[in-house]
Amino acid sequence: MALQTTLEADLLAALKSGDDFTKETLRFLKSILKNVEIDTGKALDDQQVTTIIQREVKKRVEAEAIYRGIDKIDLADKEYQEMMLLKKYLPEQMDEAAVIEVVEKYLKAKPTDMSQMGLAMGALSAELKGQADMTLVSQILRQKIQNG
């Protein structure tokens, strides 16, 4: 089932059950997806939808940290709950050990120094897109290059 179809079904279920939180969060996501479709002039595929959801999750994580920093716990909790709901629609993320394995395999095939970090991240991003947190990939890659 296409990801947008799943989102529609979950939104309909939330409407029927009276789950206002899920309804509001999914309606907001649906509006973002629709705006991107209007801007690009074509329907989104699952990869594009996943990328947009990942961006929205990242926004929620950042907002949660800000709210916690200024002691707005109720707002931070709301951002956290939205983030957890949106994460349900993302593919399973690789754990740190799996990312280390992929980075080590890449470095074994293509020895890299710090000046080639951008090139290596480009290749790893293409390979791991949607499967791993790219911040984690970058940290591991940098560490492996620096430690030889």
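In what order do the elements of the protein run from the N terminus on? In this predicted model, the elements follow one another as α-α-α-α-α-α-α, and the protein accordingly contains 7 helices and 0 strands. The radius of gyration of the protein is 18 Å, well over the 15 Å that the globule rule gives for 148 residues, so the protein is more spread out than a compact globule. The C-alpha trace of the protein spans about 55 × 40 × 25 Å along its principal axes.

Of the 148 residues in the protein, 32% count as buried, and the accessible surface of the protein comes to about 9400 Å², with 53% of that surface belonging to carbon and sulfur atoms. Among the contacts in the protein with a separation of 6 or more, 60% are accounted for by residues 24 or more positions apart. As for charge, the protein carries 21 positive and 25 negative side chains, and the centres of these two sets lie 4 Å apart.

Several individual residues may be considered in turn, beginning with the loop between helix H1 (3-17) and helix H2 (20-40), which is the place of Asp 19. Asp 19 counts as partly exposed because its relative accessibility is 32%, a value that falls between the limits of 20% for buried and 50% for exposed residues. The side chain of Asp 19 is joined to that of Thr 22 by a polar contact of 2.6 Å. Thr 22 itself lies in helix H2 and, with a relative accessibility of 13%, counts as buried. When residues up to four places away in sequence are not counted, Thr 22 touches Ala 14 and Leu 85. Asp 19 and Ile 145, which are 126 residues apart in sequence, are 48 Å apart in space, C-alpha to C-alpha.

A polar contact of 2.6 Å joins the side chain of Glu 82 to that of Lys 78. With residues up to four places away in sequence not counted, Glu 82 touches Phe 21, Thr 25 and Arg 60.

The loop between H4 and helix H5 (96-109) holds Leu 90. Between Leu 90 and Asp 71, which are 19 residues apart along the chain, the C-alpha atoms are separated by 29 Å.

Methods
Residues numbered from 1 in each chain as written. Predicted model: local features only at pLDDT ≥ 70, side-chain atom pairs only at ≥ 80, totals over all residues. Heavy atoms only, no water. Helix = DSSP H or I, 4+ residues; strand = E, 2+ residues; numbered from the N terminus. Rg over C-alpha atoms; globule rule 2.2 N^0.38 Å. Buried < 20%, exposed > 50% of the residue type's maximum accessible area, 1.4 Å probe, protein only. Contact = heavy atoms within 4.5 Å. Areas by Shrake-Rupley, 256 points an atom, 1.4 Å probe, with all protein chains shown as cover. Lys, Arg positive; Asp, Glu negative; His and termini not counted. Charge placed at Lys NZ, Arg CZ, Asp CG, Glu CD. Polar contact = N/O pair within 3.5 Å; in protein donor to acceptor, adjacent residues only side chain to side chain.
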